[in-house]
Amino acid sequence: MTSIAVNLSTSDADAAAEPLVIRKLVQWHFVAGFAFLLTSMAWGFLFSLQFVGLYPVESLSLLSPGRVRLLHTNEIAYGFLVNAFVGAMYYAIPRLTGRPVASGKLGWFIFWVWQFLSVATSLGQLMGYTQAVEWGETPTGFKPGTFEPNFLPIDFLIEVGAVLLAIQFLTPIVKSLHQRMYVSLWYIASGFVWLILTYVMGNTMVEWSVAGSSGAAVAGLFIHDLVGLFVTPFGWGLMYFFVPIILRKPVWSHALSVIGFWALAFFYPLNGVHHFLLSSIPMSVQYGAIVSTMAVEIVVTTVIVNFFGTLWGEGHALRTNMPIRWFYTGMILYFITCLQCSFQTTLAFQEIIHFTDWVPGHAHLVMFGVFTFWLTGMLTWLWPRLTGNDWYDRSLLGWHYWLAVIGLVIMFLDLLCAGLVHGYMLKSLAPWMDIVNAMKPFWWVRSFAGGMILAGNLIFAWNLWKTATTPKAYDWRRDVVGEVN
Ligand code: HEM
């Protein structure tokens, strides 16, 4: 009886929310995002072959490894993450506020412009029109340091796109301000403000107005704020929405969730300089970054405790509910990432790991192991609801999960070890070619692990496609936690 009542309420809730949620926008943003995830991984895999001496298109300058690396990271940031976050927000924000987004037409306009910008960024980078700022490599439209035009002003257009997205999503949030604001909305609303400011800072100040070590400090701030003030608030904001609705219970502690939000807002912006420790940036600024990086670990712990408190009593969902499994795997990896941060930020650690493969190991843990896992969980939950069809093959969901998780863990541990070997060899002043030769086995393992991740995601893409095109009634009883979902 209980399960029938629950099932009915799920379907009713869906029907009631229908006019609010523009399902096609949710669906197409996720489709575009996952297409970019696949192409980005393919670029990452191609680039990794350069390290093991198997780069297949060596003579083609258009696909030279340096350019392909940019495609890998930029398609992740702008093609995959933005699209997938926006897709999830089109689902979550109208439900949280009880109001539609500003405009459906604006939504489709932004959708197409954003795909154009993501593809144009890749084309610009392939042709060599990049800005020499890490994560800010999107073409500026001008020759370096001048206002002489050379390609499309992608930077400026992305900024306009971010403002339009903010208008789209802040409209329902502002209209619902008379109600108590749930923590997801705090995170998402602030995420838009921070994203707009961070993007302008990184893409203009470093090249045009702040030179030398101050420029490096701003670049560090930019890299870290993109993760901490764009990806993190959107990620947590959406987790605070999806976890309770899937588990069908409120978050464990509202107070802890608010503490987590304000502590993030206070400590995160001070972290950036930890990317340039032991540099010519004043030591007082470096120490400030170290202390605030460690403080972030405390913030993270409050959030993790809150989510595990919410899971309490429903632990079986980790086994039976695939989205919950993705979410909590990501959370454990998030805790490990942040713990790693508080060690990495010490000067003793920096001396060894800086300029080594340790750093990409850390980057993959957070960008893939945390945020991609969360977004994958959201898509896994949403896809049957968006297409109206049950999964084509549920066993493939398991294959996807295990290939991605095992591949990631292998890649992470491999790069960690590579980083330590590299770092200690550098410290002992070993000849450069000896270091390169010592790295080769690690680079082989990285390509192998990347192949596993890519294979898992190709299986998922096939399953998504077949699910969308094969009519199969969705069994709403699966919505009850405890049923295999
Ligand atoms: C097929 C799987 C993948 C392979 C083979 C791969 C390979 C690589 C390689 C070779 C690099 C350059 C490292 C260097 O310059 O030393 C890199 C960098 C990076 N990758 Fe991946 N990658 C994969 C998947 C992903 C995914 C799924 C994400 C994020 C969702 C990601 C995010 C990044 C980031 C953020 C960097 C920059 C790291 C840094 O600058 O420290 N990669 N990847």
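Analyst: Start with the helices around the ligand. Helix H2 (23-51), helix H3 (65-97), helix H13 (358-387) and helix H15 (432-469) each supply at least two residues of the shell. A helix here is a DSSP run of H or I with at least four residues, numbered from the N terminus. H13 gives the most, with seven residues. This is a predicted model: local features need pLDDT of at least 70, side-chain atom pairs count only at pLDDT 80 or more, and totals for chains, interfaces and linings use all residues. Residues are numbered from 1 along each chain as its sequence is written.

User: What makes a residue part of the shell around the ligand, and how many residues surround the ligand?

Analyst: The test is distance: the C-beta atom, placed from the backbone, must lie within 6 Å of the molecule. 19 residues surround the ligand. The closest are Met41, Gly44, Ala363, Met367 and Gly450.

User: How is the shell around the ligand divided by class?

Analyst: It has eleven nonpolar, seven polar and one charged residues. Ala, Val, Leu, Ile, Met, Phe, Trp, Tyr, Cys and Pro count as nonpolar; Asp, Glu, Lys and Arg count as charged; the others, Gly among them, count as polar.

User: Why is the ligand said to lie between domain 1 and domain 3?

Analyst: Domain 1 (19-179) and domain 3 (320-470) both give residues to the shell, so the ligand lies between them. The domain bounds come from an automatic or database domain assignment. The C-alpha centres of domain 1 and domain 3 lie 21 Å apart. Their contact takes 20 residues from domain 1 and 18 residues from domain 3. Two residues are in contact if their C-beta atoms, placed from the backbone, lie within 7 Å. On the domain 1 side, the largest share, 14 residues, comes from H2.

User: Why does valine 160 count as partly exposed?

Analyst: Valine 160 is found in helix H5 (residues 154-175). Buried takes 20 or more other C-beta atoms within 10 Å, exposed takes 12 or fewer, and partly exposed is in between, with C-beta atoms placed from the backbone. Valine 160 has 14 C-beta neighbours inside 10 Å, so it counts as partly exposed.

User: What makes a set of residues a nonpolar core?

Analyst: The members are buried Ala, Val, Leu, Ile, Met, Phe, Trp, Tyr and Cys residues, joined through C-beta atoms within 7 Å. The largest such core has 124 residues. Leu81, Met89, Ile188 and Trp374 touch the most other members. Helix H7 (residues 212-247) gives the largest share of this core, 20 residues.
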